[in-house]
Structure formats: C-alpha cells, structure tokens
Amino acid sequence: MTAFLLHNSPVFPVPIKHFSFFTTYILFIEYLCYLIFNHFPRPREAVYMLAHRIVHRSLPHLRLAQMASQFSTNGATAANASALPINEIPKSWSFTAKLPPDSVFPTPAASHKTPRDEILPRQVRNALFTWVRPMAVEKPELLAVSPTAMRDLGIADGDEKSDDFVNTVAGNKLQGWDEEKQEGGYPWAQCYGGFQFGQWAGQLGDGRAISLFETTNPSSGVRYELQLKGAGLTPYSRFADGKAVLRSSIREFVVSEALNALGIPSTRALSLTLLPGVKVRRETIEPGAIVARFAQSWLRIGNFDILRARGDRDLIRKLVTYVAEDVFGGWDTLPGRLEDPDKPTESAPPKRGIPAETLEGPSESAENRFTRLYREIVRRNALTVAKWQAYGFMNGVLNTDNTSLFGLSIDFGPFAFMDNFDPSYTPNHDDHMLRYSYKNQPSIIWWNLVRLGESLGELIGAGSQVDDERFIKDGVKEEEADGIIARAEKVIMQIGEEYKAVFLGEYKKAMTARLGLKTFKEKDFEELFSEALDSMESLELDFNLFFRRLSLVKFDELETEAARQEKASVFFYSDGVTGAGGETEGRKRVGEWLGKWRQRILEDWGDGQTVSGEQDEERMRAMKKVNPNFVPRSWILDEIIKRVEKDGEREVLDRVIHMALHPFEDGWAGRTLEGKEYKGDAEEETRWTSDVPRLGRAMQCSCSS
C-alpha cells in the first residue's frame, strides 16, 4: 500500500529502486507517531512529505559523472569571578576568518566604506556570509537583560548600565573594529536557503540578523556567537525591511531564556532594546526593537540546502569541515558507528575519540568522518525535539532554515507552550495543514534531517573514496553512482533508526521524571504516558498544570478509589471540565489513572507496602525540580507586550524574566534567590501560574515579526 501511494503521487515521483528505502522511513514515522500518540490519527501529510526524494536530486553532480555544552543547567551557573565589561571580554571572528565571504565585499573595509543604505537584498553566490554592519539607531532604550546570560557570556554584573554595553547591543558600537585603520573584526550576516512548509524557498539567509563577534567565557570554556536581530537590511532581506518589532522581540527574549532554564537546548537572549525612532510596518505600524542573542553556533540545515541546490561541492566540503573542526571541536569528538546500527536500542552508546581518517563498518555501509558528523547532528536534534514533546513546546515554523546543526531551539516566531492538551494544535495561524503541529514535530525534524542527508549524501556515500584527489576534484563518476547511492541510503536509513531510538529514549526519560518515577517500565508508556495524554485531550486539561499539580499530590491522599476521584478535581479548571463527559466522567477517568500512578510510586519509592512521609516528600521535591511552576504562555506574553508597548511599563519585563529563569520555584516575591532578595509581585505571579483564562487558551499568532 505504501509503495502504491508513492508510485501514484504526482508530487513525489520516486524510482522503483528506492521503494524499500522510503517504505522503511514511512513505517518508521508511523511507528514513532503510534508509540507516542496512538490515540490520534496518523499525520498523513507528514508521512507523504517524508517520502520526498532522498538522493537522486540531492547529490550535486551525482548523475553527471570543540565540544561545547548545550545549555546552562536550569539557567544557573556559578558566579563568574573573571567577569569583565563587554568591551573587555575576549572576542574572535573565526567564522569569517575560515570561510569565504561575499565577493562584492571581499574585505570588511569594502563593506564599511559602502553607504549603509546601499547594502540591499540580492543573490549571493560562492560565499557563506557577507560583511555588513548594523544600522545606526538613535537613543536606544535598554528594556531588559538576562542576568543568567550575562554570567554565561562572562560580562560583569552592572555593565549593562554603561553606554558601551547599550550601544553594542543596539548595534551602534562595533567591537573589534579600528575605524582609523579600517581593519579588525567586523559584523557579518550568513547566507543560507531552506525548505519552507515543505517547499524549496531558494536563498534566505540572515535577513535582519547580524553577528557581531564570538566570545569564549574563560570560566566555562564555552564559545558563543553574539548576534543582533532586527539590526537592518542585509543582502538576504529579500522583500523585507531588516527590522524586528517590539512584540516579537519580547517573545523571543523571554522564551530563549525560559527554554534554557527548563534544560531544553536553545539559543539565548542577552538583552532587549527598544528603538524609539524606528517604526515598522507589519499589519499595523509597530515600534522597532533589537534582541541581542547568542548561541554556540547559528548554523542551520539551510546553510547546506543552498549549497546543494547550487551544486557547490567545494563549499559543502569546506562548511562540513568547519562545522566538525570549529563548531564541534574536532573530528575525534564525533560519535562512531553503533555496535549494530540496525538495532540501536540494543547497542551501547557510540564511542567517540575516533581518528578522522578511520573508516568503520562493512563496505556496503562503511562510515567515514562525514557520516559521524551527520550522526552527531541527528542525535542532538533527536534529544531536543524529545524535550519539546515532554514539555509541550511548539516552535511553530520548523522549516529547514529553522533547524539548528547544533541541536538548538532556534528562531522563535509563532511558538507556544501547550495549554489544553491537543496533539493537533499549532500556534501558527498560517499553518492550515498542521504541518508544524505538536504531534508532527518529531517527524518534521527527521524530514529536515533527511534534507541534510541529501546535502551530505555524496560525502557519506563515498565511503573510503572520500579523500581521493580525483573524487574531491571531479566528484562521482557515472559508473560509481549506484554504489554511492546505495551506501548513502543504507547509512542514512540506519541513522534514522538511531534518531528514533535516541528520541524515544530521551522522551521516556523526561516523562518518567515528570511523573516522579525513578525507573521506566515498558508498561508505563501505555498505562501512564499514553493514558495521561488521552485523558488530558479528552477532558481538555492543561498540559503543564497537570504535571505541576501532580507534584503536589501526596501518596496518602490516594488510598481509596473515592479519595482518588475526589483528588482528581485538582487537575480541572476552576470553570469546570470542558471536555467529553463533564466532571463526573473526568473524576472517574483521572481517578483510575491516579490508581495506576499510585502503584508505580509505591514500587519506585516505597517498600512494596507503603511509602513513608519522608520518601513522599523527597518524591515531591524531585518532581517540582522538573515540573515548572511557570512557563511563558502566549496569553501572558500578550499581556506583557500590551503593558510594555501601550502602557509604558518596564519593570514587568524584569519580573517575567526572573520567573522564566527560575521556573521551578513555588513562588518568587519576597524570596532570596542566588544571594539577592527579590521583591516581585505576588498577585501577578499567582495569575500567571494559575488557570489559563478561557479566551487565552490555545492562542495562535502569525509569522509576521
């Protein structure tokens, strides 16, 4: 049946010889969705999209002849004794030093002497970036900074009050550039392409994001790239204006730090700056703003998409080498072949420390260093999307240009955290086909990773020939094509199995912790995970409130069925059960689930007969450390945007970022955190952590930002 669907699809004309390959991946996606969401319909559209051609279009000319930590643990780091002003933190520009620039501006000086209003959108070829400075702005107003981001970058506390800091994060001060000598480090914008909503969109690139410099924190050894979003036109702005509105900038500033604090790999946000003199036309005229954001790498799958589309074999190889050696810290840091690639769940974790020239595995599926790089990127993204699913986060626009090579949550537009649990929910009101809905995120990330496999397919499929001078220069000969295609297919298919295993392993781990269990048992998936999600969907219960409130349920409150049904009401909205069956059915269903959960708590925390008060308190403390009391929901962000933009409030930003940075606390107002007393607003905190207002549930927004 699968082969029939593919064979008769006008969109995906796949050669007969590839049926077994595509069938495997369709079954993989269906199986993945079944395991996690067996109570909803399979995402048929996502299955079809996954069946897109894998190799014959993607291998250029094929038919013609430092390992950095991903995030700060829960947003907290030790005090940085070596923190410095932003002027003095160490800076580098390795990306621009090691990769080819736009030939129109071959040097920073060539770009700098060009009037800013003459640097306009155009096609850029044979380059990975363009040197371009941010637009100058008048009287920038620093609205907020993230104290955790300051520490992670090694910037001294209090430096945000300096003019140099404000002018740097507003784009007015060029760090590292010698104006008199016309030399030094200089800002740049990346060139990339991408598939948007499954369709090739051509050249995209940093249309309003400009990177300033890289900086390595001496205390942590982690290197970050600091970038301004909303800093003006670049050659990659296409039909847009290079600006960002305050509305979307507030959303990105808060969610970047919130995800990091939850332990979800993410790009970060240092500061939010209002540009009083900049007005931006979207649906209406809105105030402009800049977010100073940072990441270990801003490279994404789209960086390879554009090179593959243009058949630029040389640049693909250069960029791959840069990613392995400079972003990930060396070829020997990458994960090697599994003991049995066809059975990843039965294999030990992949070994690292493998020399670059080493070839692993039999000839038909031989893995060279480029395969190991692909595996690293796949595994990182599998871990991240598993955490999204476990915490109910949706990116909203998972195009290939929004999929990070480093495995980070990246580029926040119409994102959201889940309110009422609805697997078909998408926060993007332009996503009419639900392509980027909650339930489709695991399969869409894999779809994107297959696009990366297409770009790297020639290097992966070459096996032992990958460093032959003839291959490097001329590529694949016609008589070699079938063998290289077969090897690439085989390897990517095996790594697909690894993606599934890593995803499911991390998802089980996160959900086990959220439910307060010490161990995972296979029956938990059906009896606890799936049944909890089923009940939340049917009864229209709030996803994150369910877990936080479960953290407060005491073992001895669930001794009888009547007691469990009585306790079930803590998971309901104060306005009642709005889902199927009403409150009576809700109490019965949740009560039954609580009985199964109680038995597992007894097995994991007790002696088989009972759970002591001390053990139960320890269990509750453990649950509260992984089940946030606060997440930045859409209705909260909308309220903050109105208060800042329309009412002129400022302190509300400090309060929301404080809560976002410490999401697991029982409360914030009047408490001392990290050695500082925090005043806060208790009434505001209660509103933001209680029931979601009926009209604030499952909100959607546009990509316009």
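Okay, let's start with Ala698, which sits in the segment after helix H22 (682–689). Helices here are DSSP runs of at least four residues labelled H or I, strands are E runs of at least two, and both are numbered from the N terminus. Before I go on, this is a predicted model, where local features need pLDDT of at least 70, side-chain atom pairs count only at pLDDT 80 or more, and totals for chains, interfaces and linings use all residues. Residues are numbered from 1 along each chain as its sequence is written, and side-chain values use heavy atoms, with hydrogens and water left out.

So what is the phi of Ala698? The value is near 55°, which is positive, and this residue is not a glycine. For background, most residues other than glycine have a negative phi. Ala698 counts as partly exposed, at 40% relative accessibility. On that scale, buried means under 20% relative accessible area, exposed means over 50%, and partly exposed is in between, using a 1.4 Å probe and protein chains only.

Leu434 is another one: its phi is positive, about 60°, and again it is not a glycine. You'll find Leu434 in the loop between strand E14 (416–417) and helix H12 (441–461). With a relative accessible area of 29%, Leu434 is partly exposed.

Glu214 lies in strand E8, residues 209–216. For charges, Lys and Arg count as positive, Asp and Glu as negative, and His and the chain ends are not counted.

What Glu214 does have is a side-chain polar contact with the side chain of Ser92, at 2.8 Å. Its side chain also reaches the backbone nitrogen of Trp93 at 3.4 Å. A polar contact is a pair of N or O atoms within 3.5 Å; within protein, one must be able to donate a hydrogen and the other to accept it, and residues adjacent in sequence count only if both atoms are side-chain atoms.

Asp401 is buried and has no salt bridge either, with Arg300 as the nearest opposite charge at 5.2 Å. Leaving aside neighbours within four places in sequence, its contacts (heavy atoms within 4.5 Å) include Tyr192, Phe195 and Asp411.

On to the rings: how many aromatic pairs does the structure hold? There are 31. Rings of Phe, Tyr and Trp (its six-membered ring) pair if their centres lie within 6.5 Å; planes under 30 degrees apart are stacked, over 60 edge-to-face, and the rest tilted. Phe95 and Trp188 are a stacked pair, with centres 6.0 Å apart and planes at 15°. Phe95 is in helix H4 (residues 94–98) and Trp188 in strand E5 (residues 188–190), so this pair ties together parts 93 residues apart in sequence. Phe95 is buried at 2% relative accessibility, and Trp188 is buried at 0%.

Last, two charges over rings, meaning NZ of Lys or CZ of Arg within 6 Å of the ring centre and within 35 degrees of the ring normal. The charged end of Arg251 sits over the ring of Phe415, 4.1 Å from its centre. Arg451 lies over the face of Trp447, at 4.2 Å from the ring centre.

Methods:
A salt bridge is a side-chain nitrogen of Lys or Arg within 4 Å of a carboxyl oxygen of Asp or Glu.
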